[in-house]
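I opened my notebook to look through this model one piece at a time. These are my entries, in the order in which I made them.

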Amino acid sequence: MEAKYLAQGLVAPITVTWEVTYACNLRCAHCLSDSGPKRAGELDGDEARALIDDLAAMGVFYINIGGGEPFVRPDFLDLLEYATQRGLPCQFSTNGMLVDEERARRLGSIGDVRVQVSLDGADRETNDLIRGRGSYDGALRALDLLSRQPIDELWLNTVVTRKNLDQLDRLYAIAREHGARLRLARLRPSGRGRASWEALHLGPEEHRAVYQWLTAHPDVTTGDSYFILNALAATGAMSGAAGWLHGFNVCGAGRATCCITPTGEVYPCAFLLGTEWSAGNIRKMPLSQMWETSPVFAGFRRTQIGECQGCPAYAHCGGGCRAVSYYVAGSIAAKDPECVLPLARA
Amino acid sequence: MELAPEDRYQIAPGWRIRREAFGGLAYHHRTGRLVVLSSPLVWALLQNDGTATVAEMVEKVVAEARGTRAVAAETLARARERLLVLLSDLANKGVITRCEDAARD
């Protein structure tokens, strides 16, 4: 989607990321929401349903649900059903550890749901190093159970790090074996990801390898997280650059998406959850009003990346991810520190 | 998919559309596809529940856009052609379907 359409401001987000709880049965090294114990003041069932009603009335196209681990929340499947019955398709991420036959069966009976099972390694050692002991087995068991149900779409979601970059073919095979699609997500230095960033994030050559792999596997999705790599296609700066990656070619924070936390705070995206980026709380103002009036969102919609002006790739990568720019380079208006062009020009 | 002027059409199953200042957006959750409706005229063309033909909708949209202004015949002809191209594009992207095709699906 071209940036010019987002610059005009949309009437509603295309999607909203909603973290339904901070509670999680794992402690992944890169968790963007720093999840763990449930926190005081999380939205109750009535508040959650009111939020869903607001999103449906706004015309949000789908809800992207995460956490924490959504299944830790006892009413999660009830809320999922409520949303889809109001015409709001959903997708959600799960570590799979709490997926059992009953939950899988119930998920299969709810239409308009995409399920993403998280797996960050093609073997127990690699995955569990990041996500915790037992998580590899839990994810594979969930894939087995879910693949037997008539779920709209089943995805295997992998955050790409230097620990699993050489396992993409095997992860792809695991997804295919279970009738699932592979989704690769870019690591951001958010939440616990800030502490693990240096150890896990990719270097320039590794990003180029990801681009080559993605263009060779066009059925793999990226959740709009790898648009910086479009700079390689835009400029022809890499020999053998094979074309565009599907999805957005610009950061959607505050423009096409936003994030609602378990306590109702609203942020431009799930990777910018610092108090300095809060647009408000839905307990005080509905998102439908906040989307139009928040100065935080207005600021994001106006943000231009000065360093990138004049670059032929800017229209295709938008200067990269604002969260990476903010946490690594110190400003949301800085060029993405992982820009691939300097490498390609070398 | 080619649409003939006498074809009736409607939004294809699974697509949701939303009006925007620039025109609109169409989204299909099962495939994750997002299509930009690049002008308000395209949005207007999609306000068809399958009872109007291509030709009827094009005339309707042209008339609404023209209002009471006097517009050269050549300009109107180009507008009709442009709208037909836009409709064909939506059909090729799967956003709209011929009504008989929708009944079959």
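Predicted model: local features only at pLDDT ≥ 70, side-chain atom pairs only at ≥ 80, totals over all residues.

**Entry: the layout of chain B**

I began with chain B and read along its sequence. The pattern runs β-β-β-β-α-β-α-α-β-α.

Along the principal axes, its C-alpha atoms fill roughly 45 × 30 × 20 Å.

**Entry: inside chain B**

How much of chain B is buried? I found that buried residues make up 44% of its 105 residues.

Then I turned to contacts along the chain. I took the contacts in chain B with a separation of 6 or more. Of these, 59% come from residues 24 or more positions apart.

**Entry: where chain A meets chain B**

I moved on to the contact between the two chains. Chain A brings 23 residues to it, and chain B brings 15 residues. Together they bury about 1600 Å². I noted that 60% of this area lies on carbon and sulfur atoms.

Which residues form a salt bridge here? I found the side chains of A:Asp152 and B:Arg30, with N to O at 2.9 Å. The count of salt bridges between chain A and chain B is 1.

I looked up polar contacts as well. Between chain A and chain B, 11 residue pairs are in polar contact, both residues being at pLDDT 80 or more. I then sorted the residues on the side of chain A that touches chain B. They divide into 15 nonpolar, 4 polar and 4 charged.

**Entry: one serine in chain A**

My last stop was A:Ser135. I located this residue in helix α6 of chain A, which covers residues 135-147.

Is A:Ser135 buried or exposed? Its relative accessible area is 2%. The cut-off for buried is under 20%, so A:Ser135 counts as buried.

I checked what surrounds A:Ser135. I left aside its neighbours within four places in sequence. That leaves contacts with A:Leu26, A:Met97, A:Asn127 and A:Asp128. With A:Asn127 there is also a polar contact, side chain to side chain, at 2.9 Å.

Key
Residues numbered from 1 in each chain as written. Chains lettered and ligands numbered in written order. Heavy atoms only, no water. Contact = heavy atoms within 4.5 Å. Buried area = accessible area lost by both parts, 1.4 Å probe. Salt bridge = Lys/Arg side-chain N within 4 Å of Asp/Glu carboxyl O. Polar contact = N/O pair within 3.5 Å; in protein donor to acceptor, adjacent residues only side chain to side chain. Nonpolar A, V, L, I, M, F, W, Y, C, P; charged D, E, K, R; others polar. Helix = DSSP H or I, 4+ residues; strand = E, 2+ residues; numbered from the N terminus. Buried < 20%, exposed > 50% of the residue type's maximum accessible area, 1.4 Å probe, protein only.
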